[in-house]
Amino acid sequence: MMRLKIENAWLVTMEGEDSPYKGDLLIEQDRIIKRGDCSANEADEVIDGTGFAVLPGLINTHQHSPMSLLRAYSDDLKLMDWLDQKILPAEANMTEEDIRAGARLAMAEMIKSGTTTFADMYIHMNAIAETVEEVGIRASLTRGLVFHEPDGGVRMAEALDLIDQWHGKAEGRITTMFGPHAPYTCPPDALRQVIRLAEERDIPIHIHLAETVEEVSTIRQKYGQTPTEYLHALGLFDQCHVLLAHGVHLSESDIQLLKGMQGGVSHNPVSNLKLGCGIAPVHKLQQEGVNVGLGTDGAGSATTLDMFEEMKAATWMQKLQYGDPTILPAKEVLKMATIHGAKLLRLDHEIGTLSPGKKADLILINLNKPHLTPLHQLESLLAYGVSGADVDTTIVNGKILMRNRKLLTIDEKVLLRDVQIRAERIVQSV
Ligand SMILES: CSC[C@H]1O[C@@H](n2cnc3c(O)ncnc32)[C@H](O)[C@@H]1O
Ligand SMILES: [Zn+2]
């Protein structure tokens, strides 16, 4: 059995009060087996971690990975204008091979900026799953379901195929969810059907919720309820584990309805800021015990998939919103990007902390840089000072996917050339 030791690093374990501390980490095959002092002869390979921080890999809880093809293509618009006039017409031009290339580009960017697991919602999920399998990253995959178009039945069959074919595959790196897109694209009967199937199969549900004020008024006009009340009345929160993307416009009584839910909210601060959607009530949700993870949303809105930028935006927005700098401190926002994200994806038994017994999904950050020196409070430095480009090494399931910033499972040069050609073709006729 292959054993890898990372020695003399700052271990940011994300569990217990003693984190971070200096020590070694021992990995056997795909799992962390020991933390603390390990002797050199226990390992086949050693990484010198002197001057590096080791963190659990970051968990991006809401993404549309192929939208990396639409990075910086259409900005500075309101959400519905952006989607209807620019994004949906461009997406209509994407082939399955475009989606494969876009997903691979997103995976390259994520690995290079420290993300080891992501939750995705898109189409042609078979191509995305094959790419996840090949690249070595971990993912929770969802076939997005938009029911106000005539081929809803076909999409549902594809969602079931994804779950049947891929749940637990790629050495267990792939899990799946159902993905009804949003309250405004899914009528009640369709949502009831998804909820029933999710309960029967014990599969979580991933859905956009309360992203804009326009969504809240559309749903109120149609059903006389807030989007959260609408989903609650349909039974979404009764038994299912649910991942709610955004949750920007939640009233006090909406938050009471979410109290006790299984799953929680994926907070996507950069996308919310750029699309002018608003500031999610993260602090209030957390006070009521609702779990909140972090995500980027697609690169079409967020521009980059750098989770360190999301951490900064998340904490700054809450401090500003509540006029209180003690809210969402560094340690808490690091938890949102790791263990809270793992809980949101129902993967906290496997990932999210550097605990012996968990999967070896971790990143090494090079602290030996002017903007990361001196070292006082490591968690502050990580939350407020580090960016994705400071990630040196990324390991998923015990396998090194990036070392010294070189991707080992993706040919970056070939990929970038291929993506540029595809992206130009996709937007040409829009
Ligand atoms: C049917 S696959 C997913 C679908 O969602 C679209 N999308 C991307 N960003 C957002 C967002 O912020 N709110 C709602 N929908 C979004 C994406 O373009 C795909 O068509
Ligand atoms: Zn989204």
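Trainee: What domains does the domain assignment of the protein chain give?

Mentor: This is a predicted model, in which local features need pLDDT of at least 70 and side-chain atom pairs count only at pLDDT 80 or more, while totals for chains, interfaces and linings use all residues. Residues are numbered from 1 along each chain as its sequence is written, and chains are lettered from A and ligands numbered from 1 in the order in which they are written. Domain bounds come from an automatic or database domain assignment. The assignment gives domain 1 (3-56 + 354-407) and domain 2 (58-344).

Trainee: Which element supplies the largest share of the side of domain 1 that touches domain 2?

Mentor: Residues are in contact if their C-beta atoms, placed from the backbone, lie within 7 Å; on that basis 23 residues of domain 1 are in contact with 25 residues of domain 2. Strand S5 (52-56), helix H16 (378-384), strand S15 (391-396) and strand S16 (399-403) each supply at least two residues of this side of domain 1; helices (H or I, at least four residues) and strands (E, at least two) are DSSP runs, numbered from the N terminus. The largest share, five residues, comes from H16.

Trainee: Which element gives the most to the shell around ligand 1?

Mentor: A residue is near a molecule if its C-beta atom, placed from the backbone, lies within 6 Å of it. There are 17 residues around ligand 1, and the closest are His64, Ile87, Tyr122, Gly144 and His208. Helix H1 (79-92) and strand S7 (115-122) are the elements that give two or more residues to this shell. The most, three residues, come from H1.

Trainee: How are H2 and H17 oriented to each other?

Mentor: Axes are lines fitted to C-alpha atoms, for helices over the stretch in contact, and angles run from 0 to 180 degrees between N-to-C directions. Helix H2 (residues 96-112) and helix H17 (residues 412-428) pack at an angle of about 130°, with their axes 10 Å apart. Angles under 35 degrees count as roughly parallel, over 145 as roughly antiparallel, 65 to 115 as roughly perpendicular and the rest as oblique. H2 and H17 are therefore oblique.

Trainee: Is the crossing of H2 and H3 left-handed or right-handed?

Mentor: H2 and helix H3 (residues 125-135) pack at an angle of about 40°, with axes 9 Å apart. A crossing is left-handed if the near helix is turned anticlockwise from the far one by less than a right angle, and right-handed if clockwise. The crossing of H2 and H3 is right-handed.

Terms used. Two residues are in contact if their C-beta atoms, placed from the backbone, lie within 7 Å.
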